[in-house]
Amino acid sequence: MTIPVELLSDPTVRAFVTALNAGDRAAFQALLAPGATMSDDGSDRNVDDWTEREVFSSGGYMDVESQDEDGRSLIARYRNDTWGEMRTAWRFDVQDGKISRFETGQA
């Protein structure tokens, strides 16, 4: 069972998932703090390169299965045209309504 995006408790994380699922690069980029960082399976990646490859040019989409109490850690089924579907964990550092870092990897 998944959580509807509109029920995600953290507004910045909710906007992140909404932008990602819509393939909306502008909305996605607007959510990132200047100098935002990210990691995938424990390895730091270039945010722009990674999101282009793993999200926007490959039809990335996430169905959220669960969130923690503050809404900044998610378990989701993530899929794209390159890798298919996998169960993933996501963690977000949010400051002043912007994401300064996100981490993802297989759950």
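Residues are numbered from 1 along each chain as its sequence is written, and side-chain values use heavy atoms, with hydrogens and water left out. In this predicted model, local features need pLDDT of at least 70 and side-chain atom pairs count only at pLDDT 80 or more, whereas totals for chains, interfaces and linings use all residues.

Helix α1, residues 11–22, has 12 residues and reaches 16 Å from its first C-alpha to its last, close to the 16 Å expected at 1.5 Å a residue (the expected span being 1.5 Å times one less than the number of residues). Helices (H or I, at least four residues) and strands (E, at least two) are DSSP runs, numbered from the N terminus. At the start of α1, a side-chain oxygen of Asp10 reaches to within 3.0 Å of the backbone nitrogen of Thr12, and just after the helix Gly23 takes a positive phi of about 65°. Within α1, Thr12, Val13, Phe16, Val17, Ala19, Leu20 and Asn21 are buried (under 20% relative accessible area, with exposed over 50% and partly exposed in between, for a 1.4 Å probe and protein chains only). These buried residues pack against α2 (25–31), α3, β3 (61–67), β4, β5 and β6.

The largest pocket has a volume of about 180 Å³; of the 14 residues that line it, the closest to its centre are Asp40, Trp50, Glu54, Trp83 and Met86. A pocket is here an open set of points on a 1 Å grid over the protein atoms alone, where a 1.4 Å probe fits, with protein on both sides within 12 Å along at least five of seven lines, and lining residues have an atom within 4 Å of a point. At least two lining residues are supplied by each of α3 (47–56), β4 (73–80), β5 (84–95) and β6 (98–106), and the largest share, 4 residues, comes from β5.

Thr88 is also found in strand β5 and, because its relative accessibility is 4%, counts as buried. The side chains of Thr88 and Trp90 are joined by a polar contact of 2.8 Å (a pair of N or O atoms within 3.5 Å, one able to donate a hydrogen and the other to accept it within protein, where residues adjacent in sequence count only if both atoms are side-chain atoms). Not counting residues up to four places away in sequence, Thr88 touches Leu74, Ile75, Ala76, Tyr78, Thr104, Gly105, Gln106 and Ala107, contact meaning heavy atoms within 4.5 Å.

Asp68, by contrast, is found in the loop between β3 and β4 and counts as partly exposed, because its relative accessibility is 30%.

Technical notes: Points joined across faces, edges and corners; volume = space filled by probe spheres on them.
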